[in-house]
Amino acid sequence: MSSLNDGRTLGELVISLGGTTIVATEVLLVQSQLLFSTHTEAMNWNTRANRIRQMDSTAWFSWFGPDPSPDLFHAAVVLDRLQHSCQSLAQRLVAAAERYGYAEGVAHQLALTHGAQLGHNLGQFLRSAMIFGAGTPLGAALPGLFVVGLLGKSTGGPAGGVEIDPRLLTNPSVVSLVQVAVSSLDDVGAGLAGMPRSVGVMFGDEGLGIIGVSSTAGGLLAAARSGGLFEEGPVKVAAVGAPARATPPAGAGELAQRIPKAVAGRPQVRIENYGTSEHPSWAVYIGGTVDWNAVATTEPWDLTANVTAIAEQNAGSFSAVIDAMTAAGIAPSDPVVVAGHSQGGLVATQVAAYSRFNVQAVATFGAPESRVPVPQGVATLTVEHTDDVVTALGGASLVDSDDRVTVRREVFAAMAPPVGETLPAHHLDRYRETALLIDASPETNLQNFRNTVTGVLGSDQGEATLWRGIRLPPEPASQ
Amino acid sequence: MDGVEVLPYGQDRAERLAMLRTQRNLLLTLCAEITAMRRRLADLDPSESWTSQSQRAYLLCVTDVVEQVDLVLHYLNEALHTVRMQIYDAEILCRA
């Protein structure tokens, strides 16, 4: 369906609906919804036209005078035809979107399978090189070079070894490749460990999901921590400044607007309180990664927390958010809306999955995909830029939920990325632009998400408080 | 005459005039709603970015839908015109 490709070229919103294979541009979905709506309306108009015709009980007697009945009868006949035309056309549009989504899903699955095979072969090659080259300096250095290469690239700093062209990282094809590569890391490990491919298939992402991106991240953490990297520690949180007046967010635009920007030393969490003291409701906004260094510092929103969160372990940023929510007075039964950018989105998903709070809606902007299952009934809006490589760092999306709407957009489809800006498509400001486009859309699923947010938070003024978390030095091991 | 002239089919002129006015108002509301939907349907044309054969076929279908709506509006306007003429006649007869 080239309409979808055209839409992507123009940087339009592309929407995937959870629980279905529907993938379509926002324009296409709006068209199908309008046609379905016209179908329903045509039935209603038909009934009304017939009722108007039947009002004049004298029509049968006025053979020679003016009579509206024949025209009303013909209008009803055409309305009957209209309702069928609209229904058929809308159904064909939805079917096209389903077929496109199915084809895209199959292609994605094939890419993952081949990526996994390639990863396993690479792992086997490394293993063979280690076994046969054990006596040589190259054989001894190879695994170390591989791990150093991975870590070096992940830090992304100037000391990280390989300098990557920023334009390359805003290429959607590269982002897709990175996603497949990250998803295949567990297969590299399986090949390296000498595990047969069939075992990897059975226990990996494509099978039972016991080993996958999270277990790879867990392995990376274990290896790195022995070298003093990615050391998590306890956190403490405190409110920053006095509470300020706030109005409830009306949609994705205002949710994204209120997420704290990732700035060192600044608050990472904003919590808003609405409703009454008997029936309070809350909005929690979580910022993105502040510190990209692999050595953990006092900043809990760092690379350590990113990898820890992907490993589905207790990240410092997650603990800080939970502590801030508890300190703010959010009770387990209070309805909560959570929004986050980047790492904040990953944490937002974890907060929703955490049974301690009654999360009703989650909006994530540029968050790495994760296997964390958001509970059923929680309205989930996932916003991803197809040219944002950070969204690929969690591997392929494997969580399907009826309540999840994924909106994708290529930010730099029609213009060149700005020079000198690292990962421009990942920038919170770009996600804020996309969120405004989402709010401007009449698409039903996007409207439903907005309705959920406004339904939870109401329209009365509330209070906003900023919170800052700090990582404390690791506790000494007990004797 | 008691001011109420009973027509051959058991309805007095005032009742008939009220019925015709109700019929006219309902038709006006119906026409307005369908016209509003027609406007939205006419805005569906995404031809600037749609080029493939299947998309052109889709556009033809949308055009057909809009034509059907136009036909419905034509019949309803004709019916409205007739009802207005009936109201005019009924008002003259009521005044006479």
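Two residues are taken to be in contact if their C-beta atoms, placed from the backbone, lie within 7 Å. The model examined here is predicted. By that criterion, the buried residues of α13(A) pack against α9 (252–258), β6 (335–341), β7 (358–365), β8 (379–385), β9 (404–409) and α14 (444–457) of chain A.

Helix α13 of chain A comprises the 13 residues 428–440. At 1.5 Å a residue the helix should span 18 Å, and its end C-alpha atoms are 19 Å apart, which agrees. The buried residues of α13(A) are Leu428(A), Arg430(A), Tyr431(A), Thr434(A), Ala435(A) and Ile438(A). Because these residues cover an arc of only 150° around the axis, they lie on the same side of α13(A). In an α-helix there are 3.6 residues a turn, so residues three or four places apart point the same way.

Chain A contains an open sheet of 10 strands with mixed pairing, in the order β2-β1-β9-β8-β7-β6-β5-β4-β10-β3. From one strand to the next, the twist averages 20°.

Within the sheet, β8(A) and β9(A) are paired in the parallel sense over six bridges, and Glu384(A) stands opposite Arg408(A) in β9(A).

Strand β10 of chain A (residues 462–471) is mostly covered, with seven of its 10 residues buried. Strand β3 of chain A (residues 235–246) runs antiparallel to β10(A) and is joined to it by nine bridges; Ala238(A) has Arg468(A) as its bridge partner in β10(A). Strand β4 of chain A (residues 269–275) also pairs with β10(A) in the antiparallel sense, over five bridges. In this pairing, Asn273(A) has Glu463(A) of β10(A) as its bridge partner.

The contact between chains A and B takes 31 residues from chain A and 35 residues from chain B. On the side of chain A that touches chain B, α1 (2–9), α2 (26–55) and α3 (69–132) of chain A each supply at least two residues. The most is given by α3(A), with 11 residues. By class, this side of chain A has 17 nonpolar, seven polar and seven charged residues.

Terms used
Residues are numbered from 1 along each chain as its sequence is written. Chains are lettered from A and ligands numbered from 1 in the order in which they are written. This is a predicted model: local features need pLDDT of at least 70, side-chain atom pairs count only at pLDDT 80 or more; totals for chains, interfaces and linings use all residues. Helices (H or I, at least four residues) and strands (E, at least two) are DSSP runs, numbered from the N terminus. The expected span of a helix is 1.5 Å times one less than its number of residues. A residue is buried if 20 or more other C-beta atoms lie within 10 Å of its own, exposed if 12 or fewer, and partly exposed in between; C-beta atoms are placed from the backbone. The arc is that of the directions from the helix axis to the C-beta atoms. Ala, Val, Leu, Ile, Met, Phe, Trp, Tyr, Cys and Pro count as nonpolar, Asp, Glu, Lys and Arg as charged, and the others, Gly among them, as polar. Two strands pair if DSSP finds at least two bridges between them. Axes are lines fitted to C-alpha atoms, for helices over the stretch in contact, and angles run from 0 to 180 degrees between N-to-C directions.
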